[in-house]
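Hello,

Here is the structure I promised to pass on. Please open it first, then read my notes below.

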Amino acid sequence: MFEMKSDPRQILKSYLPESVVDEVYKSVLDHKVSLHFTRARNSKLGDFRPAHAGKPHRISLNHNLNPYEMLITWVHELAHLITFEKHGRQHQPHGIEWKQNFARLMVSFLHRGIFPDEIEEAIKYHVLISKAANGSDLHLKRLLKAYDKPLDEHKTTIETLTEGSYFKVHDGRIFQKGQLLRKRFKCLCMNDKRFYLFSQLAVVEPIGNENPILSLYLTKKSS
Ligand SMILES: [Zn+2]
């Protein structure tokens, strides 16, 4: 976790599009935010915790986001902060008050050549039209993913695998890809025989169409 100390602008420059660094830094100062770049969390891209017990507002952002996704996530969390400053806890987390703040802040970064055209179009749709303007817009996420550092060659997103094939996750557990339920894939964990839901863009390591645990077991048994 990196807390901003000596030269905050230099740190911001390594995470964000260069032309927005001064503005973001100004918002950090204006709103007295303690900003942290954290380890990559699977469950979220960033989060906001309101000031309490003498501690300032805290925004954290996953360190591995590409500069465009980092900026969008910063704006998302800043919109939470601004909504909190005005309404306290009396609002829905991604309700109308938050949406208006998010859209207003996001629009201020458009038409300035900050984002590639296709991303800019998707952002416009995302903030102005889409009802799911809470960061769950898969179209925008897919476009943004193209700007991530290339994946390890052994890995891919789960949506590219065929149903029924097997894959491994970072902690070594093995799963079989199942059906898409609403927005997530229901996959069977071969280690504990339970079902788990995976985001369509979860990064996994494919290991073919044969259950590797079963074949391991058979090999052991027959030897
Ligand atoms: Zn949020």
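This is a predicted model. I start with a pair of helices. The axes of α4 (residues 96-107) and α5 (residues 117-128) come within 9 Å and cross at roughly 155°. Angles over 145° count as roughly antiparallel. The two helices, α4 and α5, are therefore roughly antiparallel to each other. Their crossing is left-handed.

Which residues make the contact? On α4 they are Phe102, Ala103, Met106 and Val107. On α5 they are Ile123, Val127 and Leu128. By class, the contact of α4 with α5 has seven nonpolar residues, with no polar and no charged ones.

Next, look at α3, which covers residues 67-87. This helix has 21 residues. At 1.5 Å a residue, α3 should span 30 Å. Is α3 mostly covered or mostly open? Mostly covered: 17 of its 21 residues are buried. Gly88 follows α3, and the phi of Gly88 is positive, near 60°.

Now the whole chain. The protein chain has seven helices and 11 strands. It has 223 residues, and 25% of them count as buried. Take the contacts between residues at least 6 apart in sequence: 49% of these join residues at least 24 apart.

That is what I have for the handover.

Best wishes

How values were computed: Residues are numbered from 1 along each chain as its sequence is written. This is a predicted model: local features need pLDDT of at least 70, side-chain atom pairs count only at pLDDT 80 or more; totals for chains, interfaces and linings use all residues. Axes are lines fitted to C-alpha atoms, for helices over the stretch in contact, and angles run from 0 to 180 degrees between N-to-C directions. Helices (H or I, at least four residues) and strands (E, at least two) are DSSP runs, numbered from the N terminus. Angles under 35 degrees count as roughly parallel, over 145 as roughly antiparallel, 65 to 115 as roughly perpendicular and the rest as oblique. A crossing is left-handed if the near helix is turned anticlockwise from the far one by less than a right angle, and right-handed if clockwise. Two residues are in contact if their C-beta atoms, placed from the backbone, lie within 7 Å. Ala, Val, Leu, Ile, Met, Phe, Trp, Tyr, Cys and Pro count as nonpolar, Asp, Glu, Lys and Arg as charged, and the others, Gly among them, as polar. A residue is buried if 20 or more other C-beta atoms lie within 10 Å of its own, exposed if 12 or fewer, and partly exposed in between; C-beta atoms are placed from the backbone. The expected span of a helix is 1.5 Å times one less than its number of residues.
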